[in-house]
Amino acid sequence: MAAIPANAPLPADPFRLGDVELPSRLILGTGKFSGVEAMLAAIQASGTGLVTVALRRFSRGPGAADDLLGPLATLPNVRLMPNTSGAMNAREAVRAAQLARELSGSRFVKVEIHPNPHHLLPDPLETYAAAAELAKDGFLVLPYIPADPVLARRLEDVGCAAVMPLGAPIGSGGGLTTRDMVRIMVRECSIPVIVDAGLRAPSEAALALELGCAAVLVNSAIAAADEPARMAQAFALGVQAGRLARRAGLMPQGAVGHAVATSPLTSFLGGTA
Amino acid sequence: MLTLTVNGAPHEHRGDATIAALLAELGADPGRVAIMLNGRILRGADRDAVRLAAGDEVEVLVFAGGG
C-alpha cells in the first residue's frame, strides 16, 4: 500500500443524490441565524453544496421573514433544497413543494410534515403519501422521517432520493439518540441515509458517518453556536473524519470489559524467558 | 379598486388588475416570490396573463430561513 503523507488530500469520494453530485456530505439549514451575513459565512465555511430553505408569506416591516433567495444566489455553487415545513398534511406539502420549485428552479425537496408543535416529530403516513406523489412528479425527494427502517425501505420503493431520519427532536441538540435504528437503516437501504435534526456536536456528525450514513443535515448546532462559521468548519471536519473512518474500515468491536493487548505481554524486563 | 385577500388579510388594490401591479404595490420583487391565485400555482407566463378580480385570494411567498 502506498504511503499517505501527512496532510495529504482526502481520497476522491463523490456524493450523489439522484443524478446530482455534491461537493460535501454536510447539508445546512438556514434558520435561526442572527442575520443573513452570519448565515452566508457559515454556509461558505461549511463547504456545503446544498442548503434547505422554508417557504413563507411575503411581508414587510418589523418581524418580516428575510427573503433569502437574493443572498443565497450570491453563492453560485450552493443548490437550494426547499422544505415543506409548516405543512400539516400531504396535500399542503405537495403544494408547498410545487410552489417552491417554481421559485427555486430546484428539483430537490425536503418533505417535512410535523403537525405537532410540541415535539415536531414527523407524521410518517402523511410524509409517505407526499413523498410518493412528489417523486412521481420528478422531484428529488428527501423525506424527514422517524428513524424507522421499515418506513425507510417503503420510501425507497416509491423513488425517494434519500431518507433523512432524525437523530433527536428538531433543535433539541439531543445528539444521535437513534443510532441503533440508523445502523439498521444503513444496512437495509440502497439510497443514502442522512441524519437530519438533533445533532449538537461535530463528534455526533462523525458518528453518523462512521455508522454508514451518507451525510448529515445540520442547522441549530451551527446557527446557535457562539461562532457559527467556526462551528460550520468543525462540522465539515467531523463529517470528513467519520466518512474517512467508514471507508478505512473500523476494527471489530470486542466484548465489553475485555481488553486485547496492543503491546506484547511477555519478555518484559525481569521476566522469565 | 379591487378588494382582494392577500396572504390571508383583506387588501384594497388600486392599480391595474395584474399580478405585476399588485407586487409593485406590495413592494415585492417579482423574481423572488412564488404566487398562488385561488389555490392555483401561477407559473411564469400565467402570471402575466391573469387578470385579478374582486374577491380573489392571492398568496405571495418567499424563501425564508429554515432547517
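Chain A holds nine helices and ten strands, where helices (H or I, at least four residues) and strands (E, at least two) are DSSP runs numbered from the N terminus. Its radius of gyration is 21 Å, close to the 19 Å of the globule rule for 273 residues, so chain A is as compact as a globular protein of that length. The radius is taken over C-alpha atoms, and the globule rule is 2.2 Å times the number of residues to the power 0.38. Along the principal axes, the C-alpha atoms of chain A fill a box of roughly 85 × 40 × 40 Å.

This is a predicted model, in which local features need pLDDT of at least 70, side-chain atom pairs count only at pLDDT 80 or more, and totals for chains, interfaces and linings use all residues. Residues are numbered from 1 along each chain as its sequence is written, while chains are lettered from A and ligands numbered from 1 in the order in which they are written. The complex has an ipTM of 0.92 and a pTM of 0.91 from the predictor. For chain B the mean pLDDT (the predictor's confidence in each residue, from 0 to 100) is 92, and 100% of its residues reach 70 or more.

Of the 273 residues in chain A, 45% are buried. A residue is buried if 20 or more other C-beta atoms, placed from the backbone, lie within 10 Å of its own, exposed if 12 or fewer, and partly exposed in between. Two residues are in contact if their C-beta atoms, placed from the backbone, lie within 7 Å. Among the contacts in chain A with a separation of 6 or more, 63% are between residues 24 or more positions apart.

The contact between the chains takes 31 residues from chain A and 19 residues from chain B. On the chain A side, β4 (50-57), α2 (69-73) and α3 (90-104) each supply at least two residues, and β4(A) gives the most, with six residues. β4(A) also runs antiparallel to strand β5 (residues 57-65) of chain B, joined by five bridges; two strands pair if DSSP finds at least two bridges between them. Within this pairing, Leu55(A) has Phe63(B) as its bridge partner.

Most residues other than glycine have a negative phi. Leu120(A), in the loop between β6 (108-111) and α4 (124-136) of chain A, has a positive phi near 55°. Leu120(A) counts as partly exposed because it has 17 C-beta neighbours inside 10 Å. Ser267(A), in the segment after α9 (228-248) of chain A, has a positive phi near 60°. Ser267(A) is exposed, with 8 other C-beta atoms within 10 Å.
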